[in-house]
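The report below works through the pockets, the domains, the helix geometry and the backbone of one structure. Please keep the sequence and the model at hand while reading.

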Amino acid sequence: MSKNKIFTLYKILYKTYGQQGWWPLINYDKKDVNSLDYHIGNYSFPKTESEVFEICLGAFLTQNVAFTSVVKSLHNLKTLNALTPQGIKNLDQESFKLAIKPSGYFNQKSKYILGFLHFFETLNGTTPTREALLGIKGIGEETAESILLYAYNQEEFVVDAYTKRVLFSLKLISEKSKYEEVKATMQEALESCIPKVQRIKVYQEYHALIVHHAKNHYSRKPYGKECMLHLFVY
DNA sequence: AACCAGGACGTGA
DNA sequence: TCACGTCATGGT
């Protein structure tokens, strides 16, 4: 069909599910503690330093955990006025752990986030490098990419477990492709057919679309059983 | 009642 | 380098 199957896949996902509005920010004003703002179609986010920080926190908290659990933690922190570096520092460690408890791994994550706090403040509003992020305990490749792409609007494609499953199922990568390989495969394919001014929003939507689609068809084995994309991406 | 969730790290081979 | 155990809560 298309010579660029990766771009074809994007177009099909976009047409099927539409804009995803990632990265969602919590909506504390609504009483519902699960309320999120997806700012669909609006790519001028994050708007404030506080929103940048919230996305970073979410990136830590969502590691190997459902995002619905992360939302609870973020609401807890907001209630404690601790969705800012200073706000968290004003908390004692036990209160902080309790607040993020719904997201699991609270002993590790609390330590990691506290370490990140210092780094975040030294940034003073500037954009961190990928290498600097990877140097921080608790930030691996995907978390670094998520922070760069969604908190700082950098042109970095986010690869997660879903991405590998979907791409492997469609035979677009090999089974044991490593993170950097998959990322390079995606970026090279997209760079060749997407104008630079649109790449960031496409990267943001693409990753979100993969997650959305994979939740339906790639969560339980056999992966991709009921996935209709096999019919199209060839 | 197992299995999965928008992973990362430490360890030993 | 790589496979494997660990971290922990919550939903299905």
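## The second largest pocket

In this predicted model, the lining of the second largest pocket divides by class into 6 nonpolar, 6 polar and 5 charged residues. The pocket has a volume of about 300 Å³, and its lining consists of 17 residues, of which I26, E51, E54, K78 and L83 lie nearest the centre.

Two elements, β1 (25-26) and α2 (49-61), each supply at least two residues of this lining. The largest share comes from α2, which provides 3 residues of the lining of the second largest pocket.

## The largest pocket

The largest pocket has a volume of about 910 Å³ and is lined by 31 residues, with T62, V65, E142, D160 and Y162 lying nearest its centre. Sorted by class, the lining of the largest pocket holds 14 nonpolar, 11 polar and 6 charged residues.

Four helices, α3 (67-79), α8 (141-151), α9 (161-169) and α11, each contribute at least two residues to the lining of the largest pocket, and the largest share, 5 residues, comes from α11. The lining of the largest pocket also draws on both parts of the domain assignment, with at least three residues from domain 1 (2-21 + 157-233) and at least three from domain 2 (30-151).

## Domains and their contact

The domain assignment of chain A gives two segments, 2-21 and 157-233, to domain 1, and residues 30-151 to domain 2. The centres of domain 1 and domain 2, taken over C-alpha atoms, are separated by 25 Å.

How many residues of each domain take part in the contact between domain 1 and domain 2? On the side of domain 1 there are 17 residues, and these are in contact with 12 residues of domain 2.

## Helix α11

Helix α11, which supplies the largest share of the lining of the largest pocket, comprises 22 residues, 196-217. From its first C-alpha to its last, α11 reaches 31 Å, which is close to the 32 Å expected at 1.5 Å a residue.

Rolling a probe the size of a water molecule over the atoms shows where empty space is left. With a threshold of 30 Å³ or more, the count comes to 1 cavity, and the largest cavity holds about 50 Å³ of space.

The lining of the largest cavity is made up of W22, W23, H39, N42, Y43, F45, P46, Y150, N153 and Q204.

## Backbone features

Most residues other than glycine have a negative phi, and most peptide bonds are trans. Against that background, the peptide bond from W22 to W23 is cis, with omega near 0°; W23 is found in the loop between α1 (5-17) and β1, and both W22 and W23 are among the residues that line the largest cavity. A cis peptide bond also joins K221 and P222, where omega is about -5°, and P222 is placed in the segment after α11.

What is the phi of N124, a residue other than glycine? Phi of N124 is near 55°, a positive value, and N124 lies in the loop between α6 (106-123) and α7 (130-134).

## The surroundings of F67

F67 lies in helix α3, one of the helices that each supply at least two residues of the lining of the largest pocket. When residues up to four places away in sequence are not counted, F67 touches W23, P24, L36 and T62. Of these contacts, W23 takes part in the cis peptide bond with W22, while T62 is one of the residues nearest the centre of the largest pocket.

F67 and S103 are 36 residues apart in sequence, and their C-alpha atoms are 8.3 Å apart in space.

Notes:
Residues numbered from 1 in each chain as written. Chains lettered and ligands numbered in written order. Predicted model: local features only at pLDDT ≥ 70, side-chain atom pairs only at ≥ 80, totals over all residues. Heavy atoms only, no water. Expected span 1.5 Å × (residues − 1). 1 Å grid on protein atoms, 1.4 Å probe; cavity = no way out; pocket = protein on both sides within 12 Å on 5 of 7 lines; lining within 4 Å. Points joined across faces, edges and corners; volume = space filled by probe spheres on them. Nonpolar A, V, L, I, M, F, W, Y, C, P; charged D, E, K, R; others polar. Domains from an automatic or database assignment. Contact = heavy atoms within 4.5 Å.
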